[in-house]
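These are my notebook entries on one structure. I set down what I looked up and how each term is defined.

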2 protein chains.
Amino acid sequence: MDKNEEKQREEEREQVVSPWEVSSSGKIDYDKLIDKFGCQRLDQSLVDRVQRLTGRPPHVFLRRGVFFAHRDLNDILDAYEKGEKFYLYTGRGPSSEALHLGHLVPFMFTKYLQDAFKVPLVIQLTDDEKCMWKNLSVEESQRLARENAKDIIACGFDVTKTFIFSDFDYVGGAFYKNMVKVAKCVVGIFGFTGEDHIGKVSFPPVQAVPSFPSSFPHLFSGKDHLRCLIPCAIDQDPYFRMTRDVAPRIGYHKPALIESSFFPALQGETGKMSASDPNSALYVTDSAKAIKNKINKYAFSGGQESVELHRKLGANLEVDIPVKYLSFFLEDDAELEHIKKEYGAGGMLTGEVKQRLAQVLTELVERHQVARAAVTDEMVDAFMAVRPLPNMFD
Amino acid sequence: MDKNEEKQREEEREQVVSPWEVSSSGKIDYDKLIDKFGCQRLDQSLVDRVQRLTGRPPHVFLRRGVFFAHRDLNDILDAYEKGEKFYLYTGRGPSSEALHLGHLVPFMFTKYLQDAFKVPLVIQLTDDEKCMWKNLSVEESQRLARENAKDIIACGFDVTKTFIFSDFDYVGGAFYKNMVKVAKCVVGIFGFTGEDHIGKVSFPPVQAVPSFPSSFPHLFSGKDHLRCLIPCAIDQDPYFRMTRDVAPRIGYHKPALIESSFFPALQGETGKMSASDPNSALYVTDSAKAIKNKINKYAFSGGQESVELHRKLGANLEVDIPVKYLSFFLEDDAELEHIKKEYGAGGMLTGEVKQRLAQVLTELVERHQVARAAVTDEMVDAFMAVRPLPNMFD
């Protein structure tokens, strides 16, 4: 191993981003990630183009760079401009009953994309994956999938344009045929070793094939050349790099991607919010009081140690979690700018920013809780029914 | 590598028996295989027991040791004796359109088992496997599966007790759930390397799960503890060793096995008959003339180089293919003994034995051809329909 290799390995050790692990010794360097993965930065001209094509203001996650990277988004938009529709594909691994705020990010954004482009959407619940990775029983994985489906539906998706499916229920037929077509093209075991169980090695095709319209004959029969756009967090990129490698070899378009950064843990931006660490996460089931307490107790502050010092130096906004969270969920651009300016200059204290954040998130979470309480089992059945969607492109 | 290891590797090089390769530098040593795999010899007392329990003479493949090894056959018979039925599971990888005689062996024997024990049977057509291994298209693999199903049906299976399925059509639901349960228990990649595509690594659970009754809810609903007996050639043993390791961990009986030796190539007993070498194989589609010609031209003879020498020394029956084939397909024990005695003593010449073999095989093949010609598409549909079999245990 020469010096350069050593240096490279050292750098890789500091920042690990894969579908199975997100960790970093410092703040995650998204520029480095774009270089490493080989995707493209989602720049202002693309944001403007989305606004022009959809005739509506870009989502806050788009204009503030939460979704910051892409693959072939231009191609999707070129085709769309010529009148060619596409479909959206996103998903969730149902590993826990309660979603946290980070889990909502891709769904809130996907809901915006569905409304703005007026396109159909498939949502994969990878209960098979979680059964294998988290050692859950089949029944428990499927129960969690259904619970999570309720939270997803609560984000406001249009049942006439949306198909939600559990892998355990849906794998088979055309979907399974595509899995086999993908599997025979993928050499190597995707970074797994002989110590991993073979379920890990065999899973990637399951996540790949919803990118291909023929996997959904009840939706896209005769539309094998329909394009697919996948909104997801950037840690899923390796799955879809593989998918894009394989796609042209088996007769499909490469899926396009629009990729987000991570919603950070309360403790700071070295990873993503994790449902398995209750102190790092704000759950959509949290009460106003719990939200307030967790923010006050755990949210990493860029403020100074004393009021005097803070008034003098101001907050370090780069590392401040309350400001980061507000940049995700405080929609009012002017207010956000005001807070950043005042807080950064020391005019506003951490406590005040945290209080405002608690308000914003409590509103968001309470709205979600009301919406979720209204989701009945019949609605879940309706979204998950294997059916055609005759008006999905209207 | 010490001397012992070297010796062991040398021995292994000489004889390779796995689901993916059967080859040997000499005659295959089945005793060594039993030791290596850890299965049990199927001895005369077991043959007698089968005869007693079924009330009919044992199949020629049983009484002549073609099926020579087993795992837990005694347990199946113990349960059967107490009135507990079981089901049979066998299969075929549809890699070629025309079956050869070796392919018929497990099906002829399975037909006998079904009739003798009056039990249901599931037959898996692994079109997914062949699509991946042989680089066939999905459509071509499925076409071959259906063609092969016709040959299988022509062996005389009872449609009221038999379910034939294509993996491409059937994988999904309870079957897929069992695949995931198996996959998460199997560590290591089954002898494959990082250079193999991941389809190879992910296939073993597909072949494993028909051993579990819950994979067939339309057949065995509520019968999760039904036992399974698998008649197969011994090269499939590694798949089912894995299956037997996993079974108790996911709540099922270990499947029992009854395992055959290989039907040798015309050229001699160093491997098994291969459909991809037309000169090594007798196909069920061959004409009487082709059978006669191939036997005369290619069947390895244990006879001596000249008639004089032959009359003096007799044939070496140990290596003689015509005698070997007759021991599979000439049902008359007395005639077989007579031929072996006369031929071994030099009283009978190779040409005469080959002539008798050609007769026997021509009869067999012509009978098969007539039966196959009578198999309609509707019959294939009937065998492959996903349906309950209400009288399968009668």
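**Terms and source.** I take axes as lines fitted to C-alpha atoms, for helices over the stretch in contact, with angles that run from 0 to 180 degrees between N-to-C directions. Helices (H or I, at least four residues) and strands (E, at least two) are DSSP runs, numbered from the N terminus. The model is predicted: local features need pLDDT of at least 70, side-chain atom pairs count only at pLDDT 80 or more, and totals for chains, interfaces and linings use all residues. Residues are numbered from 1 along each chain as its sequence is written, chains are lettered from A and ligands numbered from 1 in the order in which they are written, and side-chain values use heavy atoms, with hydrogens and water left out.

**Helices H17 and H18, chain B.** I looked up how helix H17 (residues 321-329) of chain B meets helix H18 (residues 333-345) of chain B, and found an angle of about 165 degrees with the axes 10 Å apart. H17(B) is therefore roughly antiparallel to H18(B), a word used for angles over 145 degrees, while those under 35 count as roughly parallel, 65 to 115 as roughly perpendicular and the rest as oblique. Their crossing is left-handed, that is, the near helix is turned anticlockwise from the far one by less than a right angle; clockwise would be right-handed. In the contact (heavy atoms within 4.5 Å), H17(B) contributes Val323(B), Leu326(B) and Ser327(B), and H18(B) contributes Leu336(B), Ile339(B), Lys340(B) and Tyr343(B). I sorted these residues by class: five are nonpolar, one is polar and one is charged. Ala, Val, Leu, Ile, Met, Phe, Trp, Tyr, Cys and Pro count as nonpolar, Asp, Glu, Lys and Arg as charged, and the others, Gly among them, as polar.

**Helices H17 and H19, chain A.** Next I examined helix H17 (residues 321-329) of chain A and helix H19 (residues 350-373) of chain A, whose axes come within 10 Å and cross at roughly 35 degrees. This crossing of H17(A) and H19(A) is also left-handed. Among the contact residues are Tyr325(A) and Phe329(A) of H17(A) and Leu357(A) and Leu361(A) of H19(A). The contact of H17(A) with H19(A) holds 10 nonpolar residues, no polar one and one charged.

**The sheet of chain A.** I traced seven strands of chain A in an open sheet with mixed pairing, in the order S3-S4-S9-S8-S5-S6-S7; two strands pair if DSSP finds at least two bridges between them. Strands S3 (40-41) and S7 (162-166) of chain A are at the edges with a single partner strand each, so one side of each has no neighbour in the sheet. Strand S8 (residues 227-233) of chain A runs parallel to strand S9 (residues 256-260) of chain A, and five bridges join them. I noted Glu259(A) in S9(A) as the bridge partner of Cys232(A).

**A hairpin, chain A.** Strands S1 (residues 15-18) and S2 (residues 21-24) of chain A run antiparallel and are joined by four bridges. Two residues form the hairpin link from S1(A) to S2(A).
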